Amino acid sequence: MMKREVSIVTGWGGHLGTGHVQRMAALACHINRNTPFRAHLVCESRPGFIPDSLNGIIAGEIRPDSAFIIRDKRDSTLREMDELKALGRVIAIDDCGPGREQADLAIDLLPNLKYSIYDRDLFIFGFTFADSVMKLGASVISKDIDFAVYCGLNSPRQNIDFICSLLPEKSTCAVLAGDRSYLSQDGVMTPLKRSYAGTLISAKVLVSHFGITLYEGRISGCRLIAINPTEYHSRLSDIAGGGLDLVNLGVIDAVDPSPARSAISGSLTAGIFPGMEPRSINGAIQKGLELFMSRIRSFF
């Protein structure tokens, strides 16, 4: 009997952030909607952003009837990959560890420090972004928020406050922090009522660190500023900078406030910010998923 399940091994929190599980949730939903296969996210705990309607795709361990396994959990060891290979064929995503060479297929979606990306159209956006884009309808969204700021999962408050201190006075800023998100306008903070995608599409400039959020900001028509938590993230921002038209201000602990304020202010005053159509953004999201599926079609 043909196996009809796909196990997607991923994780979130700590050094992984949320990007890996976000994009694999989007991939699982795409597989479940468009193929006769059933994809499951194999992770240690249920991510908070997963709606109750998707609880059924969360699994505590690799499904025994998996036709193949997708691993998106950063660098693998030889032992980790051997254990997965004992259960089936393995596709490794953005894996620069020694286990990568043991995988049946390795795919790089984001820039890394070791391997080149040959197809820049091959990309998977996060579930929360993709889901909220689909719910926005077809009307053009104007850019009426100056800045969106995203500092990562459970970022220290002092990091958010420092980045906000670099923004021009009297600018409108949306801080993306999950349930703690807020809109700051004329010094008044109110709960952010727009969706994640609605906020990004409405923002003129996104200030974030290296990761899929910058790519989501790029497709939303934002100018991009990177302020990173580590030197590793900063080096990746430099690599990605050309393709993203990104200004990298380096590591947050070493940012010089004066030139940083000038760069951020300049990004806001450097031209026209046309409105964005969610339908065209959704088309690009679906194109990335379809290209990824075409790369792994032989595994089905």
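View 1. Strands are DSSP runs of E with at least two residues, helices are runs of H or I with at least four, and both are numbered from the N terminus. Two strands pair if DSSP finds at least two bridges between them. Strand 2 (residues 38-42) joins strand 3 through 2 bridges in the parallel sense. Here Val42 sits opposite Ala59 of strand 3.

This is a predicted model, in which local features need pLDDT of at least 70, side-chain atom pairs count only at pLDDT 80 or more, and totals for chains, interfaces and linings use all residues. Residues are numbered from 1 along each chain as its sequence is written, and side-chain values use heavy atoms, leaving out hydrogens and water.

**View 2. The largest nonpolar core.** This core has 66 residues. Such a core is a set of buried Ala, Val, Leu, Ile, Met, Phe, Trp, Tyr and Cys residues joined through side-chain atoms within 4.5 Å. Buried means under 20% relative accessible area, exposed over 50%, and partly exposed in between (1.4 Å probe, protein chains only). Leu27, Ile70, Phe129 and Ile296 touch the most other members. Helix 1 (residues 19-34) supplies the largest share, 8 residues. Beyond its neighbours within four places in sequence, Ile70 is in contact (heavy atoms within 4.5 Å) with residues including Met24, Leu27, Ile91 and Ile296.

**View 3. The buried face of helix 8.** Ala260, Ile264, Ser267 and Leu268 are buried in helix 8. Seen down the helix 8 axis, the buried residues fall within an arc of 100 degrees, so they line one face; the arc is that of the directions from the helix axis to the C-beta atoms. Strand 7 (145-150) and strand 11 (203-208) are among the elements covering them. Exposed Ser262 and Thr269 are on the face turned away.

**View 4. Val140 beside Met276.** Val140 lies in the loop between helix 3 (127-134) and strand 7. Val140 counts as exposed, at 58% relative accessibility. Met276 is 136 residues away in sequence, yet 5.4 Å away in space, C-alpha to C-alpha.
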